[in-house]
Amino acid sequence: MDKNTVVVIGSGLAALTAARELSGHFNVMIFTKNPLGASSWKAQGGIAAAIHETDNGKQHYMDTMDAGLNHNDPEAVSVLVKEGKDAVAGLIASGMKFDQGLGLEGAHSVRRIFHAGGDRTGKKMMEHVLSDCSDLMIDEQRRVIDLAVSGGVCKGVIVKDIHTGALEYVAASAVIIATGGCGGLYDVTSNDPALIGDGLAMAYRAGAALTDMEFVQFHPTLLYKNNTAYGLISEAVRGEGAVLVNGRGERMMGWHPRKDLAPRDVISRTLASFAANREDIWLDVTKVKKFRERFPGAAALCTQAGVRLEDGRIPVRPGAHFSIGGIETSLNGESTLLGLYAVGEAACTGVHGANRLASNSLLETLVFGKKAARHIIFQYAKAFEHAGITGHWKEEAPPAALPSISMIRQMVTRCAGIEKDENGLKELLAWLKDCRIESHFHSFRGYWPLEAIEVSNGLITADLLASSSLARSESRGTHFRRDLPNTENVKWRRRRIRQQLTQQTQGEVQTK
């Protein structure tokens, strides 16, 4: 090859944005579990950008900080708002077609949400970006099982053939993790169930720091019927007049100043309290004009679930939606491990604070995906030495008894859900210890079945989530401790919970 290689793990909008930017300078290899499993495909609400003449970047900045309870990194938010405006304008200039008019969503002070295909914005954006990625290599036949590290530098990845089990070391100038979050660790989620934190666990095992894993955003309105979550009902539906009601038709969010457009964490906790009392939760859509035309994705979900839109009500329930914490990165996507980058939901730049503002996630993928790629071009376009990793590994069997993914979901949902407390978190950590979690931190897993590796990644991510939740002895945004309900504890503001694996068996949990 006449160019050096960059490996991208994942195939969502952040991955493709970075890959497309890199493709003229590197051989880009994309490894993915499932090209259609990325959360970007399911993004309904839209993409926020302050490019309309009635809006300005200062308002978008303040809305983002307010939603994040000022736990955000101010510089990261400034970059998101300023460069996001240019990113969306550039997307439009490249031929991306958005719908007419701007939408309003929770915690936004003005209409600034761009939609495409009604509530199929993510799908339309993915299709647009993919149309310009025909020269990229996307590998679904080999699964990245770990990062290859030597001398404190990420030198590439170890991949496993899904058919033969053959192992291979793929050398790279840089590796980008864009594997999404860990919503699949919960019983009810808007994510693909396979998103259980694979990239997060791999980064942790390799020695990279992870930050603020306790912040997991729950979306208030997943279509939920017969104990099954069918998918997301966009927040934009409430922006167009839908309201949340109980079985008696009484409004559930009438008490809040922003009513049904309050921050997601507030609405989710409110609805969870009703659900705990076995009360029905409905989204009343009778005031939404031309619902089927405006929200075709939601209408299709209703048809799939057997919900009659003629009745004007959709059964909903909160579900895990977005991992705010993740692999600690700079604004250029650099992790604490040289040669390793992270973008999108897998990364934690601090831009979302304690609670992500609606429709900032697609914006984040464009802004920070491009910044990471440009940093790699600047840093690694010169000759790269592929030495230091061998292809000979010691065979190691998996633990004799591994729990099922469904059991992990039950434990995480019960002990580290929308509301948490010390007893539940300690129960989860004790259960993980019984699963011999410490043996998963340093084991070589190349000869484990892929299913066992996924379970291992789920256990590691659950441990990171629970440990971080226990360490933050306050409530803030999406992290709500029922035993410590006070918010705005000054001593915790912008203090990060950092977790990093050392050479010893047990990783360190620190605040900074």
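Buried, in this talk, means under 20% relative accessible area, with exposed over 50% and partly exposed in between, using a 1.4 Å probe and protein chains only. By that definition Tyr-186 is buried, and Phe-218 is buried as well.

Some ground rules. This is a predicted model, in which local features need pLDDT of at least 70 and side-chain atom pairs count only at pLDDT 80 or more, while totals for chains, interfaces and linings use all residues. Residues are numbered from 1 along each chain as its sequence is written, and side-chain values use heavy atoms, with hydrogens and water left out.

Back to those two rings. Rings of Phe, Tyr and Trp (its six-membered ring) pair if their centres lie within 6.5 Å; planes under 30 degrees apart count as stacked, over 60 as edge-to-face and the rest as tilted. The count by this rule is 5 aromatic pairs. One of them, Tyr-186 with Phe-218, is edge-to-face, at 5.2 Å centre to centre and 80° between the planes. Tyr-186 sits in the loop between strand E9 (174-177) and helix H5 (198-206), and Phe-218 in strand E11 (residues 216-225), so the pair ties together parts 32 residues apart in sequence. Helices (H or I, at least four residues) and strands (E, at least two) are DSSP runs, numbered from the N terminus.

Next, the helices. Helix H2 covers residues 57-67, and its buried residues include His-60, Asp-63 and Met-65. The buried residues of H2 pack against strand E3 (47-48), helix H3 (74-93) and helix H10 (361-380), where contact means heavy atoms within 4.5 Å. Just after H2, Leu-69 has a positive phi of about 55°.

How do H3 and H10 cross? Their axes come within 8 Å and cross at roughly 95°. Axes are lines fitted to C-alpha atoms, for helices over the stretch in contact, and angles run from 0 to 180 degrees between N-to-C directions. H3 and H10 are therefore roughly perpendicular to each other; angles under 35 degrees count as roughly parallel, over 145 as roughly antiparallel, 65 to 115 as roughly perpendicular and the rest as oblique. Among the residues making the contact are Val-79 and Leu-80 of H3 and Leu-363 and Phe-368 of H10.

Last, a sheet. Three strands form an open sheet in the order E6-E7-E8, with antiparallel pairing; two strands pair if DSSP finds at least two bridges between them. E6 (142-150) and E8 (167-171) stand at the edges with a single partner strand each, so one side of each has no neighbour in the sheet. E6 and E7 (residues 153-161) pair over 8 bridges. Val-149 stands opposite Cys-154 in E7.
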